[in-house]
Amino acid sequence: MKELIINKNDSGQRLDRFLKKYLSKAPQSFIYKMIRKKNIKLNNKKASPDTIVFEGDIIQLYLADKTIEKFKDQTKIKKSHLPLNIIYEDQNIIIINKPAGILSHSANMDCGNNIVDSMVHYLYQKGEYNPKIEKTFMPSICNRLDRNTSGIIIGAKNYPTLKSINDAIRKRNIKRYYKTIVEGAVKKDRLIEGFLSKNEELNKVEITKKERDDSKKIITGIRVLATSDQYSLLEIELITGRTHQIRAHLASIGHPIIGDIKYGNKKTNKYFKGKYNLQSQFLHGYRIIFAELDESANYLEGKEFIAKGSETFVRIEKELFQ
């Protein structure tokens with residue numbers, strides 16, 4: 001028999017979900033069967049799969065050691081040499097300025113060369129994360145950016161903070177602002193709405209004015225920072241956060257982002273690549289404001305964080321808009 005003591009990073013979740021993460025290689029049917037047959041108990045009592053576990057609870061596994069080893073995945077720290085541009089850090093969160101060209105999450109070809117792996121490796125080296133102590137939790141990011149979009153990513157060091165930040169993002173209590181340069185003169189601030197549909201095969205999205213069966217509503221706020229005859233510098237508020245939302249939404253109203261190879265203008269992109277060596281779309285998640293959060297993270301309420309754009313972005317902005 002093996003006992004598992006629930007800590008703060010495992011607290012507040014369903015028993016079956018905890019077990020599915022702890023015995024990640026086990027079929028779900030096996031976990032439910034073991035709970036039903038009382039081979040898995042909670043505080044020495046029979047429990048239901050949907051029972052919520054809390055810090056200090058003890059789970060008893062009446063399973064052979066070989067069975068546990070077979071179904072338990074060993075957490076491995078992926079070494080990362082990717083330097084993190086940290087703009088804020090405390091005991092709960094880490095705010096990172098992600099450069100363009102770097103993935104937010106791990107992919108097979110980018111093992112270690114992404115924000116998540118780099119953050120986990122950094123916290124492991126600092127001694128703030130120990131996979132031998134944690135049962136299911138690993139530090140994680142709360143928001144993602146496209147590979148070629150730079151800007152702020154929020155990382156959570158523990159489960160209560162991860163849950164709090166994710167809830168705040170879902171409730172739109174964390175304001176997220178992007179800076180971008182688009183083609184054409186945008187005359188006034190506005191709020192644009194539409195419906196977004198994904199094309200998984202092409203890895204693109206389509207924006208329509210009318211709702212379709214496969215679409216989701218999107219809302220994008222636009223504030224004009226500067227404008228010329230040919231280009232506009234905009235602050236974009238991401239009110240709903242969908243895949244490629246800002247890029248596709250701006251392109252759909254006739255103002256594609258410079259450097260955007262998916263939704264932009266090829267001739268314009270070629271010009272900026274040649275003159276400024278612009279390798280990605282000019283889209284930078286430069287500002288976040290924390291509004292209302294629950295008690296585990298409410299000390300962040302009212303705080304604002306700003307991430308500086310790359311040297312290329314700063315140069316383009318200055319030359320186009322003085």
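Which element gives the largest share of the lining of the second largest pocket? The tour returns to this point below.

**Before selecting anything**

This is a predicted model, in which local features need pLDDT of at least 70, side-chain atom pairs count only at pLDDT 80 or more, and totals for chains, interfaces and linings use all residues. Residues are numbered from 1 along each chain as its sequence is written, and side-chain values use heavy atoms, with hydrogens and water left out.

**Stop 1**

Select strand S1 (2-5) and strand S3 (40-42), the edge strands, each of which pairs on one side only. Strands (E, at least two residues) and helices (H or I, at least four) are DSSP runs, numbered from the N terminus; two strands pair if DSSP finds at least two bridges between them. The open sheet has the order S1-S5-S3 and antiparallel pairing, and its twist averages 20° from one strand to the next.

Next, display H1, which lies across S1, S3 and S5 and runs at about 60° to S5. Contact means heavy atoms within 4.5 Å. Axes are lines fitted to C-alpha atoms, for helices over the stretch in contact, and angles run from 0 to 180 degrees between N-to-C directions.

**Stop 2: the second largest pocket**

Select Asp 73, Thr 75, Tyr 129, Thr 136 and Met 138, which lie nearest the centre of the second largest pocket among its 24 lining residues. On a 1 Å grid over the protein atoms alone, a pocket is an open set of points with protein on both sides within 12 Å along at least five of seven lines, a cavity is a set where a 1.4 Å probe fits but cannot get out, and lining residues have an atom within 4 Å of a point. Grid points are joined across faces, edges and corners, and a volume is the space filled by probe spheres set on the points. The volume here is about 520 Å³. Helix H1 (15-22) and helix H4 (115-126) each supply at least two lining residues; H4 provides the largest share, four residues, which answers the opening question.

**Stop 3: the largest pocket**

Move to the largest pocket, with a volume of about 1300 Å³. Select Arg 144, Gly 241, Arg 242, Thr 243 and His 244, the closest to its centre of the 45 residues that line it. Elements giving two or more residues to this lining include helix H5 (159-170), strand S11 (190-199) and helix H6 (245-252). S11 gives the most, with four residues. The lining of the largest pocket has 14 nonpolar, 16 polar and 15 charged residues. In this classification Ala, Val, Leu, Ile, Met, Phe, Trp, Tyr, Cys and Pro count as nonpolar, Asp, Glu, Lys and Arg as charged, and the others, Gly among them, as polar.

While H5 is displayed, select Lys 163 and Asp 167, which both lie in that helix, four residues apart, about one turn. They form a salt bridge, with the closest N and O atoms 3.5 Å apart. A salt bridge is a side-chain nitrogen of Lys or Arg within 4 Å of a carboxyl oxygen of Asp or Glu; the whole structure has 17.

**Stop 4: the cavity**

Finally, select Asn 143, Leu 145, Ile 152, Arg 176, Tyr 177, Tyr 178, Gly 285, Arg 287 and Ile 288, which line the largest cavity. Its volume is about 60 Å³.
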